[in-house]
Amino acid sequence: MNFFFTLLYSLGIQFYHLGILLSGGWNNKARQWLKGRKNQFQRMEAALQKNEQRVWFHCASVGEFEQGRPLMEAYKNKWPHHKIVLTFFSPSGYELRKNYAGADYIFYLPLDTFSNAQKFVAMVHPQLAVFVKYEFWYHHLKALKQKGIPAILISGVFRKHQLFFKWYGKPWRNVLHLFQHLFLQDHDSLQLLLSINIQNASITGDTRFDRVWQIAEHPKDLPIIKSFRGRNKLFVAGSTWPEDEKLLLELIQLKTYPWKWMLVPHELSEQHLAALSNKFKEEAIFYSSATRENIAGKRILIVDEMGLLSSIYSYSDMAYIGGGFGKGIHNILEAAVYGVPVLFGPHFQKFNEAHELLKSGTAKSITCGKELIDAFKNFAEQPGSPGILNLEYVASKKGATEQIMKYLEKINSDTAASTT
């Protein structure tokens with residue numbers, strides 16, 4: 001970036017910070033964002049031990065964490081003496097994974113100012129930095145470059161509407177040159193980068209496929225879910241929002257099919273859970289209060305605990321993935337890996353796997369209650385396993401972690417050679 005755009009970027013960061021400060025009085029997430037960064041350098045200095053080899057992984061939030069997790073764990077398995085520093089930008093990611101045992105240190109990413117970035121990189125002094133999917137923090141990347149520390153992007157996705165590809169986007173393209181390599185999910189992303197002369201990129205796929213495959217190999221045993229399902233077929237609606245639940249209510253009220261129904265809402269506030277309970281009355285029970293005895297005769301189970309969804313899908317015969325009436329659908333691969341049909345709302349355009357599963361006929365996007373009911377009936381009445389192609393699709397796409405690890409082995413080999 002030239003001086004003008006560096007100044008513009010830095011001002012944008014300061015205005016963003018001001019917005020967080022102003023909203024901190026009434027917005028809980030903003031308060032967490034600010035609290036987590038208060039005196040963070042003092043806490044980091046006290047935590048970090050001397051004479052360590054460190055590698056830095058950065059994730060925006062929990063979704064990117066799950067994407068980066070297979071690589072983190074493969075890295076730790078290969079180089080157990082290296083310490084992993086994990087940072088999050090969002091409070092939702094930090095709060096949920098702040099006790100993740102696979103990382104040695106877990107911090108918030110400091111606000112991306114010049115001074116913060118210089119201080120953070122000097123303090124952590126990683127031998128490698130790994131950014132997940134689409135994090136492009138200029139000052140931190142620049143500080144890494146100045147120190148000669150390689151930075152890579154994994155599971156990257158690029159789209160033509162991004163600033164990099166606009167006629168006025170040349171200064172922002174320079175940010176991409178700060179990465180030593182960009183590992184991409186798809187061919188379209190590679191072609192976009194080549195169109196602006198970014199050559200340090202290759203297609204390795206999406207590490208999320210590796211992650212959901214790992215989970216499917218060893219799902220949690222959930223006796224209450226097993227008892228609730230019994231000999232019935234089970235429909236699991238995961239990561240749902242009120243817009244999803246409104247349509248699901250229409251489907252569940254049909255009572256035409258002797259299925260059991262599970263709702264795993266994205267938002268677990270008392271107000272939201274109470275509203276759900278009120279909709280379904282005595283037919284529903286919360287997971288937290290369920291026992292093998294009191295779930296008898298219940299048609300609907302509302303899961304009011306976090307961290308279970310990816311394993312709950314292993315008990316399902318069909319799944320609905322929430323978020324498609326908002327910013328975008330949640331992770332459909334978590335369900336697809338079990339070979340079940342998946343349904344979701346209309347906002348799926350940013351997810352390659354949704355497009356590909358729709359083409360296979362083992363997924364369906366819906367826009368209203370009638371379409372949801374029709375899609376459910378279609379899959380429910382098909383013989384055999386109508387979603388088996390979803391399992392085969394996930395199996396065909398895994399392997400990104402292994403490819404990236406080969407690259408990291410070369411980096412660490414070169415680093416070791418240069419220090420001997």
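## Starting in the strands

Arg54 stands opposite Lys83 in β2. The chain gets from β1 to β2 by way of helix α4 (residues 62–78), and this β-α-β crossover is right-handed. What you are looking at is a predicted model, so keep that in mind as you read on.

The β1 and β2 strands pair in the parallel sense, with 6 bridges between them. Strand β1 has another partner to look at: β4, which runs parallel to β1 and is joined to it by 4 bridges. Across that pairing, His58 stands opposite Phe131 in β4.

## A strand wrapped up on both sides

How many of the residues of strand β1 (residues 54–59) are buried? The count is 6 of the 6, so β1 is largely enclosed by the rest of the structure. As a general point, side chains in a regular strand alternate between the two faces of the sheet. In β1, one side carries Arg54, Trp56 and His58, the other carries Val55, Phe57 and Cys59, and all of these are buried.

## On to β3

Now follow the chain along to the next strand. Strand β2 (residues 83–88) is joined to β3 by 4 bridges, and the two run parallel. Helix α5 (residues 91–97) carries the chain across from β2 to β3, in a β-α-β crossover that is right-handed.

## Two residues with a positive phi

Most residues other than glycine have a negative phi. Here are a couple that go the other way. His125 is not a glycine, yet its phi is positive, at about 45°. You'll find His125 in the loop between α6 (114–124) and β4 (128–132).

Ser155 also has a positive phi, near 55°, and it is a residue other than glycine. Where does Ser155 lie? Its place is in strand β5 (residues 151–156). Ser155 counts as buried because its relative accessibility is 0%.

## Cysteines

A disulfide is a covalent bond between the sulfur atoms of two cysteines. How many disulfides does this model have? The count comes to 0.

Still, a couple of cysteines make a handy contrast. Cys59 has 0% relative accessibility, so it counts as buried. Cys368, with a relative accessible area of 30%, is partly exposed.

Phe3, Leu7, Leu11, Phe15, Leu18, Leu21 and Leu22 make a nonpolar surface patch of about 780 Å². Take Leu21 from that group: it lies in helix α1 (residues 3–23). Why does Leu21 count as partly exposed? Because its relative accessibility is 46%, and partly exposed covers the range between the buried cut-off of under 20% and the exposed cut-off of over 50%.

## Further along the chain

One last stop is Asn390, whose place is in helix α18 (residues 388–397). With a relative accessibility of 0%, Asn390 counts as buried. How far apart are Asn390 and Val342 in sequence and in space? They are 48 residues apart in sequence and 8.7 Å apart in space, going from C-alpha to C-alpha.

Technical notes
Residues are numbered from 1 along each chain as its sequence is written. This is a predicted model: local features need pLDDT of at least 70, side-chain atom pairs count only at pLDDT 80 or more; totals for chains, interfaces and linings use all residues. Side-chain values use heavy atoms; hydrogens and water are left out. Patches are made of residues with over 30% relative accessible area and no salt bridge: like charges are joined within 9 Å, nonpolar side chains (Val, Leu, Ile, Met, Phe, Trp, Tyr) within 5 Å. Accessible areas come from the Shrake-Rupley method with a 1.4 Å probe; for residues, only the protein chains shown count as cover. A salt bridge is a side-chain nitrogen of Lys or Arg within 4 Å of a carboxyl oxygen of Asp or Glu. Buried means under 20% relative accessible area, exposed over 50%, partly exposed in between (1.4 Å probe, protein chains only). A disulfide is a pair of cysteine sulfur atoms within 2.5 Å. Two strands pair if DSSP finds at least two bridges between them. A crossover is right-handed if, with the strands pointing away from the viewer, the path from the first strand over the helix to the second runs clockwise.
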